[in-house]
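Subject: Structure handover

Hello,

Here is the structure for your files. My notes on it come after the coordinates.

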Amino acid sequence: MKISLSILLGGVLFFSGCSKSRTLSFSIENLPIAAEGPLFEGSNTAQGNYEVALEAFLAENGSDLDQLKTIRLKSASLNTNSDTLNFDLIKAITLQFASDQTEMVEGGVLNPVPAGQQKVALKMPTGPKNLADFFRQKQFTIVSDLDLKQDQESKLELLGNFEFEVVVK
């Protein structure tokens, strides 16, 4: 009888301690990502800094950073910041997340970049990484390695749009 009661009590405590997770969608829109000129044929680095605004988003959704379990990148796209520019100068794009306190993590890739496009969607890596550590910081950097077809004297400016799946307890 004592064993049955212990098992029952243990089961109740186990299930009451396991709260149901919720999945939210969080977006970063039109983040400026720039490469300072002059730029040369081959690999060039563009980057944009993101001031983390996740805490306010979580509060609006009845949660906080202590309840954060995972953040995974669902989609990433880049577009030109002008109606007259396109991606014809760029052969390939690799996107990564970087910060001083975490290791760099791949975010997406596009190779080859289709000609004549003003907006491109990157392909997500298989087994997307948990980016929660980036969002626990005040700021992180989105780095884009751009493989250029030719030299360019001027600055190259893009806008990044990112959608994340946020899981909280």
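Residues are numbered from 1 along each chain as its sequence is written, and side-chain values use heavy atoms, with hydrogens and water left out.

Confidence

The average pLDDT (the predictor's confidence in each residue, from 0 to 100) is 90 for the protein, and 89% of the residues score at least 70. Where pLDDT is low, the predicted coordinates should not be read in detail.

Strand β3

Strands here are DSSP runs of E with at least two residues, numbered from the N terminus. Strand β3 covers residues 68-80. Two strands count as paired if DSSP finds at least two bridges between them. β3 runs antiparallel to β8 (residues 156-168), with eleven bridges joining them; N79 stands opposite L159 in β8. β3 is also antiparallel to β6 (residues 119-121), through three bridges, and here L78 stands opposite V120.

Two residues of β3 were looked at individually. T70 lies in this strand and counts as buried because its relative accessibility is 18%, where buried means under 20% relative accessible area, exposed over 50% and partly exposed in between (1.4 Å probe, protein chains only). Leaving out residues up to four places away in sequence, T70 touches N130, E165, V166 and V167. T70 and F164 are 94 residues apart in sequence, with 9.8 Å between their C-alpha atoms. S77, also in β3, is buried because its relative accessible area is 10%.

Core

A nonpolar core is a set of buried Ala, Val, Leu, Ile, Met, Phe, Trp, Tyr and Cys residues joined through side-chain atoms within 4.5 Å. The largest one has 42 residues, and F135, F162 and F164 have the most contacts inside it. Beyond four places in sequence, the residues that F135 touches include F26, Y50, I71, F140 and F164.

On a 1 Å grid over the protein atoms alone, a cavity is a set of points where a 1.4 Å probe fits but cannot get out, and a pocket is an open set with protein on both sides within 12 Å along at least five of seven lines; lining residues have an atom within 4 Å of a point. Grid points are joined across faces, edges and corners, and a volume is the space filled by probe spheres set on the points.

- The largest pocket has a volume of about 150 Å³. Among its lining residues are T80, F87, Q152 and L158; β8 gives the most to the lining, with three residues.
- One cavity of 30 Å³ or more is found in the whole structure. The largest cavity has a volume of about 40 Å³, and its lining includes L73, F97, E106 and L131.

Backbone

The peptide bonds from G37 to P38 and from N111 to P112 are cis, with omega near 0°. P38 is in the loop between β1 (22-35) and β2 (42-51). N30, in strand β1, has a positive phi near 55°.

Regards

Note on methods: This is a predicted model: local features need pLDDT of at least 70, side-chain atom pairs count only at pLDDT 80 or more; totals for chains, interfaces and linings use all residues. Helices (H or I, at least four residues) and strands (E, at least two) are DSSP runs, numbered from the N terminus. Contact means heavy atoms within 4.5 Å.
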